[in-house]
Amino acid sequence: MADRKLGCLSIFLFVALCASVFINFVLTIAALQRLSGTSRQEEWMPHFREIIVQRGSRVSSDKVALIKMRGLISASIPGNVSDSMVDDMRVAMQQARDDDHVRAVVLEIDSPGGEVTAADVIYNAVVKTRAKKPVVVYMDSLAASGGYYVSCGGRYLMANETTIT
């Protein structure tokens with residue numbers, strides 16, 4: 001009877017050992033893939049809503065992107081489609097830059113400024129877009145501090161007579 005219990009215990013331990021070796025093998029392969037970068041996933045990027053305004057009967061696939069930056073520039077302000085308003089601006093610029101049908105970008109700014117780093121991130125996104133497509137910046141009623149800094153990233157700057165810069 002003791003030999004039978006010892007035989008069942010031996011079979012159980014052997015099966016447990018085989019399962020453990022298999023699980024460790026799978027985990028090792030997963031860890032190596034993660035370290036080598038072969039299992040990278042692309043970062044999900046939200047897409048903004050497009051409104052196509054058309055005049056006349058002529059149909060064209062060319063577009064001009066209108067991106068509005070209003071209010072305080074801060075990474076702590078929640079965005080409409082991403083974590084922060086800074087990410088919203090960066091993603092909107094990237095989406096306009098990567099869209100082959102967008103021929104130019106109009107950036108409308110009405111901002112008193114804000115965080116230096118946040119303004120610099122947006123400025124760099126504008127400069128990156130300007131390298132591919134014309135960026136026209138329209139300063140509305142206020143483009144002070146970081147708002148003006150972001151404006152300087154565009155190729156063409158326009159302001160109202162009463163704009164505070």
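# A tour of the model, stop by stop

**Stop 1: a surface patch.** Select Phe22, Ile23, Phe25, Val26, Leu27 and Ile29. Together they form a nonpolar patch on the surface, with about 610 Å² of accessible area. Patches are made of residues with over 30% relative accessible area and no salt bridge; nonpolar side chains (Val, Leu, Ile, Met, Phe, Trp, Tyr) are joined within 5 Å, like charges within 9 Å. Accessible areas come from the Shrake-Rupley method with a 1.4 Å probe, and for residues only the protein chains shown count as cover.

Before you go on, note that this is a predicted model: local features need pLDDT of at least 70, side-chain atom pairs count only at pLDDT 80 or more, and totals for chains, interfaces and linings use all residues. Residues are numbered from 1 along each chain as its sequence is written, and side-chain values use heavy atoms, with hydrogens and water left out.

Now pick Ile23 alone. Ile23 sits in helix α1 (residues 2-36). Is Ile23 buried, partly exposed or exposed? Ile23 counts as partly exposed because its relative accessibility is 49%. Buried means under 20% relative accessible area, exposed over 50%, and partly exposed in between (1.4 Å probe, protein chains only).

**Stop 2: the whole chain.** Zoom out and switch to cartoon view. The protein has four helices and four strands. Helices (H or I, at least four residues) and strands (E, at least two) are DSSP runs, numbered from the N terminus. Follow the chain from the N terminus: the elements run α-β-α-β-α-β-α-β. Of the 165 residues, 28% count as buried. The protein exposes about 11700 Å², and carbon and sulfur atoms supply 58% of that area.

**Stop 3: the sheet.** Select the strands. They make an open sheet of four strands in the order β1-β2-β3-β4, with parallel pairing. The edge strands are β1 (63-70) and β4 (156-159), and each pairs on one side only. From one strand to the next, the twist averages 20 degrees. Two strands pair if DSSP finds at least two bridges between them.

Next, show β3 (residues 135-143) beside β4. How many bridges join β3 and β4? This parallel pair has four bridges. Click Met139: its bridge partner in β4 is Ala159.

Axes are lines fitted to C-alpha atoms, for helices over the stretch in contact, and angles run from 0 to 180 degrees between N-to-C directions. Contact means heavy atoms within 4.5 Å.

**Stop 4: inside β3.** Select Val135, in strand β3. Val135 counts as buried because its relative accessibility is 0%. Leaving aside neighbours within four places in sequence, Val135 is in contact with Val105, Val126, Thr129, Arg130, Gly154, Arg155 and Tyr156. Now put a distance label between two C-alpha atoms, those of Val135 and Val106. They are separated by 5.9 Å, though the residues are 29 apart along the chain.

**Stop 5: the salt bridges.** A salt bridge is a side-chain nitrogen of Lys or Arg within 4 Å of a carboxyl oxygen of Asp or Glu. By this rule the count comes to six salt bridges.

Show Asp62 and Arg103. Their side chains meet in a salt bridge (3.1 Å, N to O). Asp62 lies in the loop between α1 and β1 and Arg103 in strand β2, so the pair ties together parts that are 41 residues apart in sequence.

Move to Asp99 and Lys63. In this salt bridge the closest N and O atoms are 2.9 Å apart. The pair links distant parts of the chain: Asp99 is in the loop between α2 and β2, Lys63 in strand β1, 36 residues apart. Asp99 is buried, at 17% relative accessible area, whereas Lys63 is partly exposed, at 22%.

Finish with Arg70 and Asp140. Their salt bridge has its closest N and O atoms 3.5 Å apart. Arg70, Glu108, Asp110 and Asp140 are linked in a network of salt bridges.
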